[in-house]
Each structure stands twice: as C-alpha cells, then as structure tokens.
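Dear colleague,

My notes on what was found in it follow after that.

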Amino acid sequence: MKKGLVVGVLVAALAFGAGMLFGRSGKQDLKISSSTQGASYSGGFKAEGEGAAPPGAAIRSVAGPAPTNVVVVKDGESIQAAVKAAPKGTIIRVMPGTYHETVYIDKDDIRIIGVIEAGRRAVLDGEKKLNDAILYSGNNFVAENLEIRNYKGNGIMGQAGNNFEIRNNVIAESGVYGIFPQLGKNGIVEHNVVSGIADAAIYIGMSDNILVANNDVFDSVAGIEIENSRHAIVEHNYVHNNSGGLLAFVTPGLPIKDTVDVIFRNNFVVGNNHPNFGAPGSTVSGIPAGTGILIMAADDVVIEGNVISDNKVSGIIITDHAHAQNITTDPESDPNSDRVKILDNVMLRNGYDTITEAKALLLADGKVGAKNLDIVRVGPSPGSCIINRHQYVTAGVGDFAECDFTNTANTVNYLLPPVPPREIKPGERGKVVYLGICTGCHTYNGRMIGPPVQVIQALYMENPQGLADFIAKPTKKRDDYPEMPPQDYLDPETRLAVAKYMLQVTN
Amino acid sequence: MIRALVLLIAAMGTAGATGPAPTDFTLKTTCPPGFEKTAAGVCELRTLYQFYDSLENRGLGGTRTSLPPHRDGFTPYQIDLGRYLFFDPVLSGDGTLSCASCHDPARGLSDGRPRSIGIHGEDAGRAAPTLWNVAFLKRFFWDARADSLEAQATGPLYSPHEMGNTPAQLLESLNGNATYRRLFQQAFPNQRGPITDQQIFTALAAFETSLVSLNSRYDRYVHGYDAALSEREIEGLNVFRSFVARCSECHTPPLFTNEQIAVIGMPEPAGRPFDVGAEAILHAPKLKGGFKVPTLRNIARTAPYSHSGAFADLRGVVEFYNKGRGNAVPKDMHLYLHWHISDPKLTDLEVDRIVDFLGALTDETFLPQPPARVPSGLPPTKQGE
C-alpha cells in the first residue's frame with residue numbers, strides 16, 4: 001500500500017539528480033520573511049450576491065435562529081419517532097440513555113441536541129448491526145452533544161443539506177466516516193471527538209463554504225479530509241495517530257471535479273503513524289502511514305501555523321493523480337496540485353522513517369544524510385510558493401517561488417450568514433403543481449385519463465376550496481373515467497393553490 | 001432559384017408520395033404534460049424540484065435538491081413532429097424499425113431485451129437505455145460517447161447493427177414525403193428548402209426531452225408527504241443511501257445518476273466477450289470496463305439490467321453488488337474498480353428492501369401517446385412485443 005502513492009518517483013528522482021549535478025551549486029542565500037508582517041492571503045472566495053458577510057466578520061452559526069418548538073426524547077423512546085412527528089422547526093432534546101436506531105431527517109430546521117447530565121450522554125449505539133447513525137438531507141440541520149458508536153456505515157452523514165452545524169459530538173468505532181457532509185453548502189463541523197474510523201474521521205465531500213475547527217481526531221486512517229470541495233478552512237484541530245492527518249484531495253470520477261481554496265492553519269498534526277487499515281480499493285488505503293498532510297490534485301491549498309511533528313514518512317506530501325497507483329483517471333479533472341502555498345509552520349521530527357522513494361528524492365535534491373523529511377513534492381505543482389523554506393527539510397520544492405504574502409489573517413472564514421428560505425408565492429406553486437402533476441391526466445379541452453379542465457372549471461368555478469377538498473379525497477364521479485388517485489400528499493395550502501390555478505387556465 | 005428548387009422537389013415528392021393523404025396529419029399546438037407554453041410559444045418544463053437548490057447548480061444531492069440544467073424550449077410543433085418521427089419505421093434502412101422499437105413506451109422506453117436487436121436481426125451489442133429524463137443528461141450511450149441528443153441520434157440511425165439507414169437515404173425518404181415536408185415546414189418555419197438532417201435530430205431531441213418522470217411515490221415523499229412510501233420502502237431508502245450499501249453515491253438523487261463513468265466489474269452474459277466500455281472512447285486504460293451510471297427512475301420497468309443484460313431482475317443486480325468487490329472480474333484482468341465498490345455484506349432483508357425502494361421510483365404519468373398512423377404510411381412498430 002505504501003508504494004501505491006509514490007510509484008514512479010524514482011524516474012522523477014533521476015531527473016532531479018541530473019538537475020543537482022549540473023544546475024544548482026553552493027548554498028542559497030536565506031530569504032527570511034516575518035509572518036507577523038507582510039501581506040495577508042485574501043482567500044479565493046468572493047461572495048456572489050449571496051448576502052455574504054463582509055470579509056472579516058466572524059460567523060458562529062449558519063443554521064439560522066433556533067426554533068422555539070422543543071420536544072424531549074427519553075431513554076427507551078425513539079429519536080426517529082420524534083423526528084417523524086416533528087414539524088419543521090423543532091429542537092429534539094435527547095436525554096442520556098442508549099438508542100439503537102438509524103435516525104433520518106428529510107425535512108428542514110430539525111436540531112437533534114443531546115442533553116449531557118453529569119457526563120452522561122445520549123448514546124446512539126449501532127451494535128455493529130446498523131448502517132448509519134444519522135442521515136440528513138434537510139437544510140439547517142444541527143446535531144450536538146451526541147455520542148455515536150458501533151455503526152457500520154457513517155456516524156453522521158449529510159446528503160445535500162445546507163447550513164448545517166455538527167458540534168460537540170463524540171464518535172468512535174463507527175464505520176467508514178465519522179462525520180460526512182456531502183453536497184452541502186455552508187456548514188460547521190467543530191468540537192467533535194472522532195476516533196477509530198476506517199476512512200476519514202471527518203470527511204467534507206463535494207461541499208462549499210465549510211469550517212472544520214477545534215476537533216480532536218485520532219486512531220483513524222485519515223483525520224480530516226477535504227475532497228472535491230471549495231472554500232474550506234480547517235483550523236485549530238488536534239490530529240494525531242491517524243495514518244494520514246490532514247488531506248486535501250481531488251478524487252477523480254466524482255461529479256464535482258475540483259478542490260479549490262483550502263486553508264489548513266493552526267492545527268496540531270502529530271504522530272500520524274497508525275497502520276493503514278483502509279478498505280482495499282478505497283482512496284485512503286494508498287496513504288503511506290506516517291503522513292502529516294497530504295495534498296493530491298487540490299488547488300490553492302494554504303498551509304500555515306500548524307505544529308506538524310513526528311509523522312514518520314513526511315510532514316507534508318504534495319502529489320498528483322499520476323503518482324497514485326490506486327487512483328482512477330478523469331479527463332475532466334486537473335490531476336495536479338496547483339498553487340500550493342506553504343507559510344510558516346513548526347515542523348519537528350518528521351520523516352524519520354520514510355519510504356524508499358522519498359529517500360531517493362532527498363538524495364536527488366542533494367540532501368545527503370538527511371535524517372528527516374518535512375515536505376516532499378512529486379508530480380507537477382505549478383504556481384506553488386513557500387516562505388522561509390530554509391527551516392524545513394524538503395525534497396522537490398526547489399522550484400517553488402516565494403509567496404507574496406506571509407499569513408492568512410485577513411481570511412477569517414468562508415461561512416455565509418443563514419440564508420432565509422426561498423419565498424414561494426402560492427400562485428407560483430399552484431402553477432407548477434398543475435403543470436407538473438395535473439396535466440398528466442387532464443388537458444384543457446381534450447379527453448385524457450381524466451375529464452377536461454373546461455369541464456372541471458364549469459363545476460367548480462366559484463368553489464376552489466371544494467375542488468381542493470375533492471382532490472384530497474376523490475370519489476368516483478363518472479362511469480367513463482377511472483377514479484382519480486388522491487392528491488393528499490400535497491398540503492392543504494398547495495391543494496388550494498393548484499385548485500385556484502386550474503380554475504383560471506385558458507388553454 | 002432556391003424557390004424553384006423547392007417547388008421542384010415538392011413536385012417530385014408529390015409524384016412519388018405514397019401512404020395516407022398529407023392532410024391526415026396535424027401537429028399539436030399544445031405542449032406535452034408537464035410543460036408550460038410560454039408567451040414566446042415554446043414549451044418549458046415545470047416541476048416542484050425547481051423550488052429547490054443544489055450545490056453548484058449540479059442537480060445532485062439528497063431529497064429536496066434541484067434538478068440539473070436541462071433541455072427544453074422547443075415548440076409544440078417540433079415536439080409533435082419528433083413524436084411522429086420517433087414512431088415511424090421510415091427512419092430505418094429497410095422500413096422495419098423505428099426508435100420506438102428499442103425505446104418502447106410499453107417497456108419503460110427500453111425494449112425488455114438483454115441487448116437490442118437491430119436491422120436484419122443483428123445483435124446491437126448493448127442494452128437500450130431508457131429515455132426517461134434524457135432532457136437532464138449531458139452524455140449519451142453506455143460509453144458516454146455523445147454529448148447531445150442530436151449527436152446521439154446519428155448512432156442508432158446509421159449503425160449497420162441498429163437501424164441501418166444512411167444519411168442520404170434518410171433525407172431522400174423524408175423529402176420524398178409530402179406530409180413530412182409540410183410538417184417540417186410547420187416545425188421549422190424560418191428554414192426554407194428541403195428537410196435537413198439537423199431538423200430531424202432537433203425534432204427527435206424535442207420529443208425525447210418531453211419524456212419526463214418526476215411524479216413517483218418517492219417524489220411525493222420528497223415534497224413532504226411522509227406516507228407516500230411504505231415502511232419497507234423507507235427502510236430500503238435508508239439502506240440505499242447508507243454508507244454500507246452506498247448506492248446513492250453514484251445513483252444520486254434526484255435523477256438517481258451522477259452521470260459519471262464508473263468501473264463496476266459487472267459480468268457479461270455467458271459467452272459474451274468482455275466489453276471495455278468507455279476505455280475505447282476516452283483512450284483511458286484506467287477506465288477499462290467503465291460505463292455511464294444509468295438512472296434508476298422507472299428501473300422496475302426496464303429489466304433485464306446492465307449494459308449487456310447480465311441480470312434478469314433487480315434483485316440479481318443488488319445481489320451482485322453484495323457479493324463483494326471484483327466478484328465477476330475476469331481472471332488475469334486488472335480493472336480500476338470504483339472505490340465505492342466494496343463488500344457491504346447486506347442481509348437478505350436489506351437486499352429485499354432496496355428492491356422494494358427501487359419500485360417506488362416508478363412513474364409513467366407522462367408516457368407519450370404513440371400515433372395510430374405515421375406519415376410514411378408504414379405500419380407503426382407494435383408496442384410491447
């Protein structure tokens with residue numbers, strides 16, 4: 001597995017070697033920059049008419065104002081039953097106890113908040129039988145204070161919910177991903193303790209505008225992974241004893257093709273040397289155990305202010321798709337890590353037991369006798385930069401330019417203020433339901449499965465409510481037409497809106 | 001000069017025309033179900049999904065996720081002309097096959113066969129994909145070799161294994177038919193002269209983009225009616241989207257496809273050679289055996305399954321995935337299997353529940369009406385045979 005990610009390095013090493021012999025010679029002059037002075041990275045995210053906060057404003061919440069409707073679930077009761085019964089806009093307080101269930105949330109504005117009493121939490125226990133603990137697709141979802149263990153799939157998985165907040169949860173031994181928001185926008189993952197996960201403890205997949213902060217992730221194959229996502233800040237996390245600590249990846253073959261603008265700053269990335277127990281065929285199974293930070297094909301990754309120590313292969317590996325053996329190909333994805341930016345970090349005792357290919361690269365870079373390796377780059381990485389490079393033991397970063405900034409202080413976060421729900425006028429909804437559903441059986445003046453709209457108009461012209469009531473519970477009215485299926489899945493307001501719309505159409 | 005030419009062609013066409021009198025055929029002035037006729041006179045799709053958003057407007061995600069950008073904006077005439085063409089065997093080389101032969105409304109807009117049967121009984125090599133919701137797709141064919149419906153149309157029309165026609169014969173037979181000339185003139189009023197292949201492809205695309213299925217019981221659940229799905233179907237949905245089964249990672253709602261190429265390692269039916277799929281198109285050895293992820297909407301209506309019909313029923317497909325990574329990869333062949341192909345170890349009950357859930361994706365409310373007769377006068381291909 002180790003070899004997977006760096007196969008082909010030797011060829012590159014020979015090329016570097018030739019460069020050493022004939023190109024560089026002698027000691028370079030030190031170029032020293034202070035990260036407390038100088039320009040600041042302005043970030044890659046420009047809010048586009050989304051009502052974003054001005055740069056610099058800290059956002060602590062993205063899910064909107066807390067609902068006032070509160071229900072309580074006690075030990076022995078079902079959280080899912082409470083979710084099912086809850087109208088949108090409900091806080092579900094879960095009392096300490098043990099809950100064996102998969103909770104799914106397909107509506108908006110639901111918050112599942114554990115109550116911690118004297119250190120006792122609400123525990124979701126999958127007993128290694130259940131797949132996922134929490135699946136959400138609703139917007140403005142919040143999960144807090146839960147303990148999740150022994151699930152086979154994921155701890156908390158989101159599928160397209162926006163404005164999510166996942167915080168203060170303890171997740172252990174829970175399958176493939178601990179926390180995995182996917183295809184979501186504007187989310188916070190903070191203050192979670194996640195361990196013993198067979199892929200990434202925290203995995204941000206195909207999502208935009210994300211903050212991952214103050215988490216403790218350990219004993220997993222990958223600590224925190226930002227994949228095919230844009231505008232993510234990963235800061236103040238303690239990432240230790242994973243096979244790989246922090247990852248910024250582009251996985252080929254996904255419908256969203258790039259990873260752009262990721263800031264890894266002020267994290268502790270320490271001793272990520274856990275044997276790799278990733279599933280065969282998984283992307284992370286190719287991570288060399290002992291990797292602090294791994295960048296593969298992601299663009300504009302900024303690495304600043306981290307304490308990166310005791311990772312035995314390397315503190316930072318920058319690579320591309322071509323050097324990863326178990327990675328497929330995607331003509332629509334750029335395979336290279338463009339514009340990596342390495343600012344000041346504290347790097348200690350990395351690469352003390354590195355892999356053969358990395359040693360060859362060190363040799364090729366003229367680092368004869370190097371006992372450590374902080375940063376290694378294989379594969380093209382155009383437009384990359386670094387400051388104070390003399391402080392690190394590096395291989396393959398000789399052609400990195402000096403960055404024209406020294407810090408990211410001006411980029412506070414990439415979160416957006418809570419976006420108010422879209423206002424849909426009843427008339428608009430009525431029209432869409434009429435066209436999207438009713439017209440399957442009714443035409444204006446012709447016979448289809450149901451009677452013509454003109455006939456319905458003649459019957460109900462002055463009585464839209466009567467029509468709205470009828471479609472909820474239709475009765476058989478005409479011998480020559482089949483009975484209409486009930487449209488009770490539409491809420492009363494929508495039924496009235498569609499009835500009104502149907503009564504005024506003219507063709 | 002051009003005018004004279006048109007008249008000449010028209011005269012020739014009338015002289016040689018056969019079949020029903022041209023006046024028997026008229027084009028609809030109304031849009032198909034699900035479409036609004038705008039002030040500009042074109043048909044635009046309306047669906048509840050337009051009230052939702054999706055990340056980067058890609059139309060992928062969970063329940064209340066908007067659809068991907070789609071094709072619409074054709075006129076009712078163009079759509080209805082496409083319907084006539086779609087059902088008319090005059091489009092094939094020997095007048096025996098129409099588009100509907102392999103995309104049969106009575107068979108889920110597919111043909112119920114492991115692999116389609118083309119002209120002279122030829123094995124077409126791959127299964128006919130359903131046409132439901134093609135308006136939302138960006139890539140066509142199992143190996144994704146076409147990037148538009150118009151480009152796709154040339155594939156089956158001119159393949160010697162499928163409809164076996166030639167561009168010259170197709171134009172000659174349509175231009176030789178007074179009814180078609182009149183209908184094309186109606187559908188393309190700003191274009192003078194003989195019928196062109198681009199007009200034919202446009203009309204076919206116009207009709208195909210009207211084949212929309214978004215009113216299944218699953219959709220009702222999405223739009224907020226919890227009781228639309230049974231307990232078993234909801235269990236199935238939760239297994240389907242769980243990270244143990246991982247079905248929804250590629251069969252992503254709301255269309256139940258992410259339209260990517262995936263190397264799954266499905267078996268070929270006995271005696272069939274291994275199909276390299278997208279490798280041949282993209283010249284990417286790592287995509288050997290890769291095929292476009294198909295939609296699962298109306299999947300219960302389109303057995304058998306896989307690019308070559310290896311599976312007779314849905315349970316067989318789900319069981320294949322459950323047998324573990326690479327279980328059908330030929331010996332001595334290395335495939336870059338998709339990373340989500342794992343070893344899920346689902347229970348028999350979970351497999352059953354997934355199949356239950358897939359049944360909730362059926363919606364044929366907007367099934368098109370086959371014309372009783374077609375302008376060529378040829379007998380329309382029989383449905384459901």
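**Chain A: overall make-up**

In chain A, the secondary structure amounts to 8 helices and 34 strands. Please keep in mind throughout that this is a predicted model, and that the values below are computed from it. The C-alpha trace of chain A spans about 95 × 55 × 45 Å along its principal axes, and of the 507 residues in this chain, 53% are buried. Of the contacts in chain A with a separation of 6 or more, 59% are between residues 24 or more positions apart.

The domain assignment divides chain A into domain 1, made of 2–93 + 139–402, and domain 2, which covers 426–504. Between the C-alpha centres of domain 1 of chain A and domain 2 of chain A there is a distance of 53 Å.

**The sheet in chain A**

An open sheet of 11 strands is found in chain A, with parallel pairing and with the strands in the order β4-β7-β10-β13-β16-β19-β22-β25-β28-β31-β33. Because β4 (103–105) and β33 (394–395) of chain A stand at the edges and have a single partner strand each, one side of each is left without a neighbour in the sheet. For β4(A), the strand it is joined to is β7 (residues 134–136) of chain A, through 3 bridges, and the two run parallel.

**Where chain B touches chain A**

The contact between the chains involves 54 residues of chain B and 49 residues of chain A. On the side of chain B that touches chain A, the elements giving two or more residues are β1 (35–37), α9 (231–240) and β3 (261–263) of chain B. Of these, β3(B) gives the most, with 3 residues. By residue type, this side of chain B divides into 23 nonpolar, 20 polar and 11 charged residues.

**Backbone details in chain B**

Two cis peptide bonds in chain B deserve a look. One of them runs from P253(B) to P254(B), with omega near 5 degrees, and P254(B) lies in the loop between α9 and β3 of chain B. Both α9 and β3 of chain B are also listed above among the elements on the side that touches chain A. The other cis peptide bond joins A303(B) and P304(B), with omega about -5 degrees, and P304(B) sits in the loop between β4 (290–292) and α11 (314–322) of chain B.

There are also two residues with positive phi to point out. H120(B), which is not a glycine, has phi near 55 degrees, and its place is in the loop between α3 (99–102) and α4 (149–158) of chain B.

N298(B) has 23 other C-beta atoms within 10 Å, and because the cut-off for a buried residue is 20 or more, N298(B) is buried.

With best wishes

Notes:
Residues are numbered from 1 along each chain as its sequence is written. Chains are lettered from A and ligands numbered from 1 in the order in which they are written. This is a predicted model: local features need pLDDT of at least 70, side-chain atom pairs count only at pLDDT 80 or more; totals for chains, interfaces and linings use all residues. Domain bounds come from an automatic or database domain assignment. Two strands pair if DSSP finds at least two bridges between them. Helices (H or I, at least four residues) and strands (E, at least two) are DSSP runs, numbered from the N terminus. Two residues are in contact if their C-beta atoms, placed from the backbone, lie within 7 Å. Ala, Val, Leu, Ile, Met, Phe, Trp, Tyr, Cys and Pro count as nonpolar, Asp, Glu, Lys and Arg as charged, and the others, Gly among them, as polar. A residue is buried if 20 or more other C-beta atoms lie within 10 Å of its own, exposed if 12 or fewer, and partly exposed in between; C-beta atoms are placed from the backbone.
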